[in-house]
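Here's a quick tour for anyone meeting this structure for the first time. Have a look at the sequence and the fold, then read on.

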Amino acid sequence: MRITTYIAIAVTLLAISCAKDEGQTTVQPDKELLAITITDSGYTSADGTASRAQEQGYQTLFTEGDEAGLYIVRNGLIIDDNHQIRLTAVGGQLQWQSVDSSKPLYSYGASAHYFVYYPYGEVGIQTAPNPEMTTAMAFFDSMIAQYQVRLDQTSYADYAASDLMVGEGTFGKDLVENNRPLSIKMQHTGVLATITTPTTTYKLTNAAGVSLPDDYILSPKIVFETGKSFCLIDGVYRRIINNPNEA
């Protein structure tokens with residue numbers, strides 16, 4: 001009788017286990033690896049116009065060691081959740097790679113949505129995106145609403161960490177070196193405030209009256225009581241704010 005009881009229990013547990021497995025939804029990736037490119041669309045001036053030089057001046061250039069978070073969504077389900085990726089030097093080139101080498105960056109096909117936010121951090125872990133949304137701004141809406149810039153942005157690290165960017169990937173049609181290209185154009189979610197102070201430029205010449213190659217630029221030193229800002233060059237300060245009312 002005891003043997004019969006044990007067999008019955010074993011059969012019941014096996015039946016429950018099978019039913020649970022059958023109810024799970026598993027999305028298998030493609031065999032292709034992703035080759036990710038992330039670029040910044042840049043800030044524009046208040047009137048929406050900017051010269052080519054200004055566009056370059058207001059773009060973020062990603063450098064080795066930068067980290068971002070990747071989400072992959074298909075059919076309203078998040079199938080890769082806050083995948084930590086890092087810009088890494090490989091063979092003399094910079095590539096976005098998975099921080100966890102046991103989790104390769106697999107493609108899930110052109111029907112999936114690929115969303116990225118930068119910089120990677122706790123806000124990506126603590127906020128839940130909306131997988132029903134198909135644009136990056138809507139997908140990361142809760143993150144954008146909760147993100148707080150650094151109060152002191154005098155260092156470049158704190159200034160850069162305040163600049164939350166989000167983007168959605170464009171799936172490449174053709175393989176490149178057996179990898180599937182994924183191009184992501186980032187959007188800034190905050191506002192860039194630029195503070196320009198008056199400067200005095202001295203044109204220097206030698207005894208013969210020939211101009212020297214370097215001018216001497218003098219600008220007043222600013223002391224910020226609140227909203228400490230990053231000094232880009234003499235007389236130009238920058239600060240990321242969540243909205244214009246905080247400036």
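A residue is called buried under 20% relative accessible area, exposed over 50%, and partly exposed in between (1.4 Å probe, protein chains only). T200 has 38% relative accessibility, so this residue counts as partly exposed. T200 sits in strand β9, residues 200–202. Its C-alpha atom is 9.8 Å from that of G235, 35 residues apart along the chain.

## Where the model comes from

This is a predicted model: local features need pLDDT of at least 70, side-chain atom pairs count only at pLDDT 80 or more, and totals for chains, interfaces and linings use all residues. Residues are numbered from 1 along each chain as its sequence is written, and side-chain values use heavy atoms, with hydrogens and water left out.

## The chain as a whole

The chain has 6 helices and 12 strands; these are DSSP runs numbered from the N terminus, helices being H or I with at least four residues and strands E with at least two. Of its 247 residues, 32% are buried.

Take contacts (heavy atoms within 4.5 Å) in the chain between residues at least 6 apart in sequence: 59% of them join residues at least 24 apart.

Strands count as paired if DSSP finds at least two bridges between them.

β11 and β12 (residues 236–241) are joined antiparallel over 3 bridges. In β12, V236 is the bridge partner of I233.
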